[in-house]
Amino acid sequence: MAKRKYQSEHERMVSYCANWLREKYYSDIKVDLTNYTEKPEPIIWVASQEGHIPDITTTSMIFEVETADSINDEHTKDQWILFATHAANNNIEFWVVVPKGSAYVAQSRLNQLGITAKIWEV
């Protein structure tokens, strides 16, 4: 997990999303938080063997949670490109989770980067 100015907000948002998915009976939920035993697998670029761990995965979705301060980070760009490419290549959905009121900024960033993703405001 990248270090964030609002780390506790990030963890709260990840936890909220994981609990919501569990309540909706999604299967194979893996969460990148210390108190979860099932962690997402790293997603790796074949050419460079470098990659990132998503915040949450299910059988059919990848979720990356951003706080208002992380949407425009270079690290976020790297993650989003990797996760969106992986999602497209594996016929799964890529979701960007942002705080309420941040959807426009997130969509603008996605458009700027040429990335397709669904946005979930929490």
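**Close-up 1. A right-handed β-α-β unit in the predicted model.** Strand β6, helix α3 and strand β7 build this unit, and its hand is right. The helix spans residues 103-113. Strand β6 covers residues 93-98 and strand β7 covers residues 118-121. The two strands run parallel. Four bridges join them. Within the pair, V96 of β6 faces I119 of β7.

**Close-up 2. The buried side of helix α3.** A106, R109 and L110 are the buried residues of this helix. Their directions span an arc of only 100° around the axis, so they sit on the same side of α3. An α-helix has 3.6 residues a turn, so positions three or four places apart point the same way.

**Close-up 3. The exposed side of helix α3 and the residue after its end.** Y104, N111 and Q112 are exposed. They lie on the other side of α3, away from the side that holds A106, R109 and L110. Just after the helix comes G114. Its phi is positive, at about 70°.

**Close-up 4. T58 in the loop between β4 and β5.** Neighbours within four places in sequence are set aside here. The remaining contacts of T58 are L21, Y26, S27, D28, I29 and F63.

Technical notes
Residues numbered from 1 in each chain as written. Predicted model: local features only at pLDDT ≥ 70, side-chain atom pairs only at ≥ 80, totals over all residues. Heavy atoms only, no water. Pairing = 2+ DSSP bridges. Right-handed = clockwise from strand over helix to strand, strands pointing away. Buried < 20%, exposed > 50% of the residue type's maximum accessible area, 1.4 Å probe, protein only. Arc of directions from axis to C-beta. Contact = heavy atoms within 4.5 Å.
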